[in-house]
Amino acid sequence: MEDGMRVIVVGAGLGGVTAAVGLHRQGHQVVLYERGAELREAGTGVVIMPNGLRALAELGYDTHDIGGARPAPARTGGLRDWRGRPLLITDAAQAQRQVGSMVVADRTRLHRALRAPLPAGAVRTATPISRLEAGADAVAVFGDGDRVDEADVVIAADGIGSELRGRLFPGHPGLRRIGRMDLRGTLPRPAEPDVEELLAGILIDRRTGAMFGLFPLGADGLYWFTDSPLPETLPEPEQARELMLALTADWHPAVPALLAATAADDVYVDPIACLAEPLPTFATGRIALLGDAAHAMTPDLGQGASQAFEDAASLTRHLTEAEPAQAAERLLRYDAQRRPRANRLMRAAERQSRLTSQTGAAAWMRDTLLRAIPARLATRQLAAIWHA
């Protein structure tokens with residue numbers, strides 16, 4: 001294959017840039033279209049699970065240092081109640097010995113590092129793509145009604161609110177909000193209070209259904225996130241923080257202290273949503289979907305980024321040395337490999353969301369059952385999720 005296929009990737013999120021890099025490294029002519037005026041990824045931290053790191057390594061990245069991220073120290077994790085008392089214990093060190101380490105990265109630095117291998121001419125910003133038109137030999141892409149480009153293969157990686165997904169599957173119900181919001185932030189690790197016992201674990205409150213998680217970020221930073229009931233209208237970040245401070249006033253003292261200590265510019269809030277039902281396929285003709293466009297899931301398993309990286313690695317693998325005439329068949333192989341696993345994790349994440357957000361008698365029973373689960377069984381289940 002002398003010049004490779006012409007491949008268009010729509011959407012420059014974490015999954016889109018890694019797919020573009022992987023395909024570029026395999027000799028394909030890749031063009032990455034981004035609707036924003038610049039390539040950037042705003043936000044807080046991102047957890048990359050061992051399966052995500054393996055996918056990045058397959059794509060040619062040095063996973064020992066991605067955007068300054070380092071492997072997270074192995075800790076005893078699992079679920080705790082709002083006071084920090086153990087409910088379900090997992091041995092992260094044992095899980096990591098079985099399937100590898102995980103990292104927590106600053107999202108902005110990670111995005112910069114992941115896109116660095118792309119040649120400058122491969123990126124087109126401020127170019128929204130709103131429609132695809134598949135012909136026998138190529139796919140034409142359109143933005144604002146005008147024809148923009150065409151390619152042998154198009155990868156739709158335009159995120160959780162994917163416009164292209166709606167165009168490709170007009171009968172699909174799209175996203176479903178689950179009635180909860182995600183508040184998250186990053187901050188330098190303070191000297192007080194002591195947060196060591198909360199790292200890499202999740203606190204849940206059976207009284208309100210609220211949740212808090214904490215991870216180390218780099219050598220001296222912290223990344224926290226919360227999951228709580230969504231008010232009728234999504235609040236601004238500062239309002240959401242005040243709501244969480246009220247909910248966590250009597251939690252483990254580190255929780256409200258960390259929420260209050262985070263700078264306003266480093267706090268983000270989003271409604272939590274997932275696909276209302278799985279897509280019937282991740283590939284149609286010469287078009288494939290990737291990441292949240294294909295399998296938007298709740299964040300409860302921490303697999304959003306890692307699943308996008310698995311998609312990118314799988315697409316790259318199946319399109320290696322492919323000729324244009326083979327494109328549709330190779331994308332069907334991608335669908336056959338990725339859809340069962342991604343959809344299984346999407347369903348598992350939603351089950352976990354329902355479990356951790358329970359309140360009242362159901363939550364009391366949940367906590368009682370969680371305390372009865374042996375640590376070795378919980379660790380084995382964790383390793384199974386991390387195994388690609």
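**View A. Arg-317 and Glu-58 pair up between helix 9 and helix 2.** In this predicted model, Arg-317 counts as partly exposed because its relative accessibility is 36%. Glu-58 is also partly exposed, at 43%. The two side chains meet in a salt bridge, with N to O at 2.7 Å. The structure holds 22 salt bridges.

**View B. Helix 2 and the glycine that follows it.** Helix 2 covers residues 50-58. Its buried residues are Pro-50, Asn-51, Gly-52, Leu-53, Ala-55 and Leu-56. After the helix comes Gly-60. The phi of Gly-60 is positive, near 100°.

**View C. A salt bridge joins Arg-338 to Glu-310.** The closest N and O atoms are 2.8 Å apart. This pair, too, links distant parts of the chain. Arg-338 sits in helix 10 (residues 327-356) and Glu-310 in helix 9, 28 residues apart.

**View D. Glu-321 has a positive phi in the loop between helix 9 and helix 10.** The phi of Glu-321 is about 60°, although the residue is not a glycine. Glu-321 is exposed, with a relative accessible area of 61%.

**View E. Arg-180 and Asp-227 form a buried salt bridge pair.** Their closest N and O atoms are 2.4 Å apart. Arg-180 lies in strand 12 (residues 175-188) and Asp-227 in strand 15 (residues 221-229). The two are 47 residues apart, and the pair links distant parts of the chain. Both residues are buried.

**View F. A cis peptide bond joins Glu-192 and Pro-193.** Omega is about -5°. Pro-193 is placed in the loop that runs between strand 12 and strand 13 (201-204).

**View G. Glu-34 is buried without a salt bridge.** Glu-34 is found in the loop between strand 2 (29-33) and strand 3 (45-48). How far away is the nearest side chain of opposite charge? That side chain belongs to Arg-35, and it is 6.2 Å away. A salt bridge needs the nitrogen within 4 Å of a carboxyl oxygen. Neighbours within four places in sequence aside, Glu-34 is in contact with Gly-11, Ala-12, Leu-39, Arg-124, Thr-125, Ala-126 and Thr-127.

**View H. Asp-144 has a positive phi between strand 9 and strand 10.** Asp-144 is not a glycine, yet its phi is about 55°. The residue is placed in the loop between strand 9 (139-143) and strand 10 (146-151). Asp-144 is exposed, with a relative accessible area of 65%.

**View I. Helix 6 packs against helix 7 in a left-handed crossing.** Helix 6 spans residues 237-247 and helix 7 spans residues 254-261. Their axes come within 9 Å. The axes cross at roughly 165°, so helix 6 and helix 7 are roughly antiparallel to each other. Angles over 145 degrees count as roughly antiparallel. Which residues meet? Helix 6 brings Arg-241, Met-244 and Leu-245. Helix 7 brings Pro-256, Leu-259 and Ala-260.

**View J. Helix 3 passes helix 12 in a right-handed crossing.** On the helix 3 side, the contact is made by Ala-92, Gln-94, Ala-95, Gln-96, Gln-98 and Val-99. On the helix 12 side, Thr-379, Leu-382, Ala-383 and Trp-386 take part. Helix 3 covers residues 92-99 and helix 12 covers residues 375-386. The two axes come within 9 Å and cross at roughly 40°. Helix 3 and helix 12 are therefore oblique to each other.

Definitions and conventions: Residues are numbered from 1 along each chain as its sequence is written. This is a predicted model: local features need pLDDT of at least 70, side-chain atom pairs count only at pLDDT 80 or more; totals for chains, interfaces and linings use all residues. Side-chain values use heavy atoms; hydrogens and water are left out. Helices (H or I, at least four residues) and strands (E, at least two) are DSSP runs, numbered from the N terminus. Buried means under 20% relative accessible area, exposed over 50%, partly exposed in between (1.4 Å probe, protein chains only). Lys and Arg count as positive and Asp and Glu as negative; His and the chain ends are not counted. Contact means heavy atoms within 4.5 Å. Axes are lines fitted to C-alpha atoms, for helices over the stretch in contact, and angles run from 0 to 180 degrees between N-to-C directions. Angles under 35 degrees count as roughly parallel, over 145 as roughly antiparallel, 65 to 115 as roughly perpendicular and the rest as oblique. A crossing is left-handed if the near helix is turned anticlockwise from the far one by less than a right angle, and right-handed if clockwise.
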